[in-house]
Amino acid sequence: MFSFSFSFFFFFFLLIFFFFSSFFFPPPSPSFSSSWKRDGVWKRIMALELVPGDLVILKIGDVVPADGILQEGGTCDLDQSGLTGESLPVKKSPGDTIYSGTVVKRGEQDMMVSHIGEMTEMGKGVALIQSVESKGQVSLFFFFINKKKKKRRERGKKKRERERERERKRGKK
């Protein structure tokens, strides 16, 4: 009667697998983890759980999880191109402020967290960009069309009100 090919069954299997896999395997969290020291114990946690005052160890290739101040030790080279646009790594020494979102290119250093979330330099930039309401050409076009329609409606209401007023005056005479 019906003859289904192998490719149909394979496609159907993949469709079912991907549908149900989203329930069992949630997407990875956008937050990255870091090694930090709190109460004298080193642990590995998500960056969302950091608080000001935590001590974080930064290694080569790590993304800095929060704004902070470098602690004692040697120097460290950071790629700040995502924040400042600089093409070359910046050399940072103990006591210097480093910013979230930068990448450690050379060195290993401890950092004391000073700012997290929207209080970081990167967070302030993101908040500033989100606060700007830019309107594209299409939205401006529809804005002006709606403005004209609103004016026409208002003129029509005023005209109807004048006509009603005239009818009331004629009815009283």
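Patches are groups of residues with over 30% relative accessible area and no salt bridge, in which like charges are joined within 9 Å and nonpolar side chains (Val, Leu, Ile, Met, Phe, Trp, Tyr) within 5 Å. In the predicted model shown here, one such patch is positive, and K147, K148, K149, K150, K151, R152, R153, R155, K157, R160 and R164 make it up. For the charge count, Lys and Arg are positive and Asp and Glu negative, with His and the chain ends left out. Each charge is placed at NZ of Lys, CZ of Arg, CG of Asp or CD of Glu. The areas come from the Shrake-Rupley method with a 1.4 Å probe, and for residues only the protein chains shown count as cover.

Some ground rules apply throughout. This is a predicted model, with local features needing pLDDT of at least 70 and side-chain atom pairs counted only at pLDDT 80 or more, while totals for chains, interfaces and linings use all residues. Numbering runs from 1 along each chain as its sequence is written, and side-chain values use heavy atoms, with hydrogens and water left out.

Now for the overall layout. The protein chain holds 4 helices and 9 strands, where helices (H or I, at least four residues) and strands (E, at least two) are DSSP runs numbered from the N terminus. Going along the sequence, the order is α-β-β-β-β-β-α-β-β-β-β-α-α. Of the 173 residues in the protein chain, 21% are buried; here buried means under 20% relative accessible area, exposed means over 50%, and partly exposed falls in between (1.4 Å probe, protein chains only).

Back to the patch for a moment: R164, one of its members, sits in helix 4, which spans residues 137–172. With a relative accessible area of 47%, R164 is partly exposed. The partners are R168 and E165, whose side chains meet at 3.2 Å, N to O. Within helix 4 these two are 3 residues apart, about one turn of the helix. E165 is partly exposed, at a relative accessible area of 36%.

The whole structure has 4 salt bridges. In general terms, side chains of opposite charge can pair when their charged atoms come close.

D77 is buried, at a relative accessible area of 14%, whereas R106 is partly exposed at 36%.

What about the strands? Strand pairing is called when DSSP finds at least two bridges between two strands. One of the contacts sets I57 against D110 in strand 9. Strand 3 (residues 55–58) is covered on both faces, with L55 and I57 buried on one side and V56 and L58 buried on the other.

Strand 9 also has strand 4 (residues 67–70) as an antiparallel partner, again through 4 bridges. Here D67 faces H115 of strand 9. Strand 4 pairs with strand 7 (residues 97–98) too, in the antiparallel sense and over 2 bridges, and I69 stands opposite T97 in strand 7. M111 is part of strand 9 and counts as buried, at 0% relative accessibility. The C-alpha atoms of M111 and L70 are separated by 4.4 Å, although the two residues are 41 apart along the chain.

Lastly, there is the loop between strand 3 and strand 4, where V63 is found. V63 counts as partly exposed, at 32% relative accessibility. Its C-alpha atom is separated by 5.7 Å from that of T102, and V63 and T102 are 39 residues apart along the chain.
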